[in-house]
Amino acid sequence: METKLTRIAEIAKIRPKERFTSLAHLINEEMIKECHKEMKRKKAPGVDNITKGEYEIRLDDNVNDLINRMKRQAYKPQPVKRVYIPKAGSEKKRPLGIPAYEDKLVQASLAKILNAIYEQDFLECSFGFRPNRSCHDALKVLDKILDKREIRYVVDVDIRGFFDHVDQQWLMKFIEHRIVDANILRIIARFLKAGVIEAGIAYDTPEGTPQGGVISPILGNIYLHYVLDLWFEKKVRKSCRGKSYMVRYADDSVYCFEYEEDAKEFYLKMITRLKTFNLEVAEEKTKIISIKKDSNDDSDGEGGLGVSSFDFLGFTHYEGSSKSGVRRIMRKTSKKKYRASLLRCKEWIKTNRHMATKDFMKKLKIKVLGHCRYYGITDNNATVSNFIDEVKRLIYKWLNRRSQCKSFSWDKFNLFLKKYPLPRAKTYVRIFDPGAGYSYVM
């Protein structure tokens with residue numbers, strides 16, 4: 001199967017206008033079983049109430065039945081089960097979609113096929129949910145762009161409810177640029193129209209991509225590839241008076257310009273462009289920022305925009321001075337993400353403080369280490385260190401409430417931390433790397 005997907009990728013790369021007519025046969029027993037093997041256990045079931053463990057009891061029979069239904073065109077995805085989970089740092093709740101297990105397998109198979117084709121088409125400026133392209137990679141490229149002397153303006157864009165408002169007709173047209181296999185197109189269309197079930201009530205899905213589905217990220221990337229990436233590369237950059245760049249991670253994107261008029265003109269054009277494809281800008285979260293003001297200039301910045309900061313991928317990007325006194329763009333954990341991470345830790349500690357101490361500290365250490373590995377980048381050690389200190393205070397507070405007697409004094413607690421140490425703040429990822437080369441920003 002990997003050989004067949006590799007061959008498809010090769011054809012897609014050397015023939016950029018190739019339209020694939022025969023792909024459905026790739027979704028066979030081997031592909032479905034491979035996707036089953038890759039599924040994580042202990043995931044909540046969808047409307048079918050079937051888990052991975054239950055499905056594999058009769059794996060061969062279940063897979064054969066699924067493939068036979070697909071060959072007869074009798075396979076129809078079930079509605080997605082919609083639940084709501086708490087949104088850290090807010091009283092709001094985040095909708096989460098849980099597909100039926102069988103639908104997860106078919107979506108995973110489709111995602112493999114779509115990735116093999118579209119990875120050859122996607123541009124260098126796109127990073128979200130792509131193989132071997134992480135958030136840190138996007139941050140490194142953005143740093144390289146912002147480090148350019150001529151780049152002085154950033155348009156920080158937020159698309160309102162992107163995955164809920166994808167125009168399905170446009171999406172199918174985009175896919176048909178590369179795929180004309182009627183069976184594959186039919187399955188994708190059925191996933192888009194499968195609907196959702198919330199509190200036992202079924203709702204249609206006339207717009208958007210499958211909530212929580214494995215296929216949703218690649219469909220979102222295909223949509224934005226045509227709506228934004230190609231448009232910016234082929235039209236916007238050519239019409240700009242100065243240099244311009246973009247960095248996109250899924251629906252989160254920033255655009256960098258040399259001249260203020262280019263930034264302002266792009267902002268107005270982008271509103272019209274998104275409206276054409278059933279999307280809109282969240283104006284309260286989208287802004288034009290002036291960066292790199294002369295350190296000796298006390299004015300409010302060129303054009304009255306002011307020198308400010310912007311958030312991208314959980315970090316606040318701002319202009320600061322390095323230890324050697326060099327002015328450059330630096331990063332720290334955004335206030336929103338900092339508070340949300342701390343709140344999640346607090347809730348976990350409160351809920352699990354009854355656990356055996358050894359297990360409690362082992363699991364908490366893993367959670368804190370995950371935070372440190374993501375946010376432990378160049379310039380951010382102080383903020384990560386503050387986060388770890390806050391977590392220590394939470395541990396001290398809530399472990400002392402496990403009984404009527406106070407468990408720890410600060411001296412005893414410090415001894416406790418020597419026995420069960422938390423990770424220390426350090427730079428796991430070097431973002432500012434003068435030696436790194438990126439073809440897109442050269």
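The dialogue below takes up salt bridges, paired strands, backbone angles and surface charge.

Q: What kind of model is this?

A: This is a predicted model. Keep that in mind throughout.

Q: Let me start with charged pairs. How many salt bridges does the structure hold?

A: First the general idea. Side chains of opposite charge can pair when their charged atoms come close. Now the case here. The structure holds 24 salt bridges. One of them joins the side chains of Glu 102 and Arg 69, at 2.5 Å from N to O. This pair links distant parts of the chain. Glu 102 sits in helix α5 (residues 101-118), while Arg 69 sits in helix α4 (residues 59-71). The two are 33 residues apart.

Q: Are Glu 102 and Arg 69 buried or exposed?

A: The cut-off for buried is under 20% relative accessible area. Glu 102 has 13%, so it is buried. Arg 69 has 17%, so it is buried too.

Q: Which residues are linked with Arg 69 in a network of salt bridges?

A: Asp 65 and Glu 102 are linked with Arg 69 in such a network.

Q: Which residue forms a salt bridge with Asp 121?

A: Arg 178 does, with the closest N and O atoms 2.8 Å apart. Asp 121 is in the loop between α5 and α6 (135-146). Arg 178 is in the loop between α8 (168-175) and α9 (182-192). The pair therefore ties together parts that are 57 residues apart in sequence. Asp 121 is buried, with a relative accessible area of 17%. Arg 178 is buried as well, at 1%.

Q: Where do Arg 160 and Glu 280 lie?

A: Start with the contact. The side chains of Arg 160 and Glu 280 meet in a salt bridge, 3.5 Å from N to O. Arg 160 lies in the loop between β3 (153-158) and α7 (162-165). Glu 280 lies in the loop between α11 (260-276) and β8 (287-290). So this pair ties together parts that are 120 residues apart in sequence. Arg 160 is partly exposed, with a relative accessible area of 33%. Glu 280 is partly exposed, at 45%.

Q: Now the strands. In what sense do β9 and β10 pair, parallel or antiparallel?

A: The general idea comes first. In a regular strand the side chains alternate between the two faces of the sheet. Here, strand β9 (residues 310-312) and β10 pair in the antiparallel sense over three bridges. The bridge partner of Phe 310 in β10 is His 317. The hairpin of β9 and β10 has two residues between the strands. In that hairpin, Leu 313 takes a positive phi near 55 degrees.

Q: How many bridges do β10 and β11 pair over?

A: Seven, again in the antiparallel sense. Strand β11 covers residues 327-333. Ser 321 stands opposite Arg 327 in β11. Phe 315 stands opposite Thr 333 in β11. The hairpin of β10 and β11 has five residues between the strands. Gly 325 takes a positive phi near 90 degrees there.

Q: Why is β10 largely enclosed by the rest of the structure?

A: Count its buried residues. Five of the seven residues of β10 (residues 315-321) are buried, so the strand is largely enclosed. Strand β11 is mostly covered, with five of its seven residues buried.

Q: Which phi value does Ala 250 have?

A: Its phi is positive, about 60 degrees, although Ala 250 is not a glycine. Ala 250 is in the loop between β6 (244-249) and β7 (252-257). At 8% relative accessibility, Ala 250 counts as buried.

Q: Where does Asp 379 lie?

A: Asp 379 lies in the loop between α13 and α14 (381-399). Its phi is near 80 degrees, a positive value in a residue other than glycine. Asp 379 counts as partly exposed, at 26% relative accessibility.

Q: Last, the surface. Which residues gather in a patch of positive charge?

A: Lys 42, Lys 358, Lys 362, Lys 363, Lys 367 and Lys 419 do. Helix α13 (residues 357-375) gives the most to this patch, with four residues. Lys 363 is found in helix α13. Lys 363 is partly exposed, with a relative accessible area of 46%.

Key
Residues are numbered from 1 along each chain as its sequence is written. This is a predicted model: local features need pLDDT of at least 70, side-chain atom pairs count only at pLDDT 80 or more; totals for chains, interfaces and linings use all residues. Side-chain values use heavy atoms; hydrogens and water are left out. Patches are made of residues with over 30% relative accessible area and no salt bridge: like charges are joined within 9 Å, nonpolar side chains (Val, Leu, Ile, Met, Phe, Trp, Tyr) within 5 Å. Accessible areas come from the Shrake-Rupley method with a 1.4 Å probe; for residues, only the protein chains shown count as cover. A salt bridge is a side-chain nitrogen of Lys or Arg within 4 Å of a carboxyl oxygen of Asp or Glu. Lys and Arg count as positive and Asp and Glu as negative; His and the chain ends are not counted. The place of a charge is taken as NZ of Lys, CZ of Arg, CG of Asp or CD of Glu. Buried means under 20% relative accessible area, exposed over 50%, partly exposed in between (1.4 Å probe, protein chains only). Two strands pair if DSSP finds at least two bridges between them.
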